Amino acid sequence: LSVTVDGKKGEDHEGVAKGTPVFSETGDQVAYIGFHGKKQFVVVDGKKGPEYDGVSDFVFSPDGKSYSYKVQVGKTQAMVINQAMGEAFDQVGGQTLFSQDSKSFAYAAMKDKKWYIVKDSQKFGPYDGVKDFVFSPDSKFLACAVMRSSAWHLWKDGLTGKSYENVTSIRFSPDSKRLAHAAQLNKQLFLVEDGKEHKAYTTIDAPVFSPDSRHLVYPAMKGDRWMMVLDGKEGPDFDVLGMYQYSPDSSRFAYLAVKKKKAAVVSETGQSEWYDSLGALVFSPDSKSLAYKAVKDKQACVVVNGKKGKTYDDVHDPVFSPDSSRMAYKAVKGAKILMVLDGNEGSECLAMGDAVFSPDSRNTVWLALKDKTWLWVVNGRETDTGFARMLGPVVFDGSSKLHGIGIVAEPEPECFRLEMSL
């Protein structure tokens, strides 16, 4: 068995592990785990590493330049970073976590029934348990939860916080300056933000910081009622809370709420009317518009800033243009589907892809199936060239050029790249 990458056949092996090969996030590197008798090894970009009794949990760093995997050597385990094997332990837990800048790594390991945190060349511990590693977005800080004497603590770069029955949902703010987590004490849950304990509830969900790091929100349950807590202030109570979303500029916040089996959208402008069901919340890039699918009495529409559009049998989630001035969504009429672009209906077809806007927002394209043929619809006009099948979406190369890949079935199946200039 061999692995072929970009047409180049690799070395033959007795086997290749399930779940491999894997590619780096950049797509430039590829690796897989191979077998030789009872031994296993890693091959990275065609270069075979040492053989071990077992290999698992391979992962690339975000930049693809580093990698890690766990190995079994006799009765011990170790983590290998870039083919350099680390200290041997009785057990190594899961994959290595790399920082976003790929310069640091961390993992948990156990020896003599005690757990340790391994961060780069440092080892911290011993602890009775270690879980939930998180690097800050700027890669400068590492946080996790550690257990000592049956109590859990927040751990950050060697410093251990107050003891709790449990510590979960550790989150850094996008600017890396704030740190929050959920904690349990006396069978109640509450948020701890930069060491300050918030009000206790029956339970809470994971906290979410706004993109600008200034706001913090989390759902909380008091008794059997759910409410959204934004910057420490409780919102109205509901039976259930659904999706919640900040606007791109962090100035707005909205969420879905359910009461007596009816759904509504709650935002800084108030609460919408009640509907039978709601779709995903979609903010425009400039944060000025909020759109969502709404269904009532088996009829669906798109609501934009509280204003309902035309009703259909069904609609799909809306898409805004990059400059926020335009919007498109798919609408269903019986067995047909059509695109609604800037409020104007396009022609009906059997199936349809999502609308794609050009970077300057002036041009649009989507795929439409008519009479067993996939066509491009560019700025509302169908192209003459059709395909039996499209491989992936149409992509804009700048604001006036686009391309896609399709397959024709006759006289024999053949793949083509179609390019267009507008």
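These notebook entries record what I looked up in the predicted model shown above.

**Entry 1. Ground rules**

I worked on a predicted model, in which local features need pLDDT of at least 70, side-chain atom pairs count only at pLDDT 80 or more, and totals for chains, interfaces and linings use all residues. Residues are numbered from 1 along each chain as its sequence is written, and side-chain values use heavy atoms, with hydrogens and water left out.

**Entry 2. The chain as a whole**

I began with the secondary structure of the protein chain, and I found zero helices and 51 strands. Here helices (H or I, at least four residues) and strands (E, at least two) are DSSP runs, numbered from the N terminus. I then looked up the extent of the C-alpha trace, which spans about 70 × 60 × 35 Å along its principal axes.

The protein chain has 422 residues, and 45% of them count as buried. Buried means under 20% relative accessible area, exposed means over 50%, and partly exposed lies in between (1.4 Å probe, protein chains only). The accessible surface of the chain comes to about 21600 Å², and carbon and sulfur atoms account for 50% of that surface. Such areas come from the Shrake-Rupley method with a 1.4 Å probe; for residues, only the protein chains shown count as cover.

Next I looked up contacts, where contact means heavy atoms within 4.5 Å. Among contacts between residues at least 6 apart in sequence, 27% join residues at least 24 apart.

I also looked up the charges. The chain has 54 positive and 55 negative charges, and their mean positions are 4 Å apart. Lys and Arg count as positive and Asp and Glu as negative, while His and the chain ends are not counted. Each charge is placed at NZ of Lys, CZ of Arg, CG of Asp or CD of Glu.

**Entry 3. The largest nonpolar core**

I asked which residues have the most contacts inside the largest nonpolar core. This core has 14 residues, and those with the most contacts inside it are V42, V44, V55, F58, Y69 and V71. Two or more core residues come from each of β5 (30-36), β6 (39-44), β8 (54-60), β9 (67-73) and β10 (76-81). A nonpolar core is a set of buried Ala, Val, Leu, Ile, Met, Phe, Trp, Tyr and Cys residues joined through side-chain atoms within 4.5 Å.

Leaving aside neighbours within four places in sequence, V44 is in contact with V30, A31, F58, F60 and Y67.

**Entry 4. Cysteines**

I searched for disulfides and found zero. A disulfide is counted as a pair of cysteine sulfur atoms within 2.5 Å. I noted that C301 is buried, at a relative accessible area of 4%. C349 also counts as buried, with 2% relative accessibility.

Leaving aside neighbours within four places in sequence, T364 is in contact with R326, L341, V356, F357, V377, V378, N379 and F396.

T383 lies in strand β47 (residues 381-387). T383 is buried, with a relative accessible area of 13%. Not counting residues up to four places away in sequence, T383 touches L375, W376, V378 and M420.

**Entry 5. Backbone exceptions**

Most residues other than glycine have a negative phi, and most peptide bonds are trans. I therefore recorded departures from this pattern.

The peptide bond from T20 to P21 is cis, with omega near 10°. P21 is placed in the loop between β3 (15-16) and β4 (22-23). A cis peptide bond also joins G125 and P126, where omega is about 5°; P126 is in strand β15 (residues 122-127).

Q83 is not a glycine, yet its phi is positive, near 70°. Q83 is found in the loop between β10 and β11 (84-85) and is partly exposed, with a relative accessible area of 27%. D112 is not a glycine either, and has a positive phi of about 55°. D112 is in the loop between β13 (105-111) and β14 (114-119), and is exposed at 63%.

**Entry 6. D314**

Lastly I looked up D314, which is found in strand β38 (residues 314-315). D314 is partly exposed, with a relative accessible area of 26%. Leaving aside neighbours within four places in sequence, D314 is in contact with K293, A300, K330, A331 and V332. D314 and V92 are 222 residues apart along the chain, and their C-alpha atoms are separated by 50 Å.
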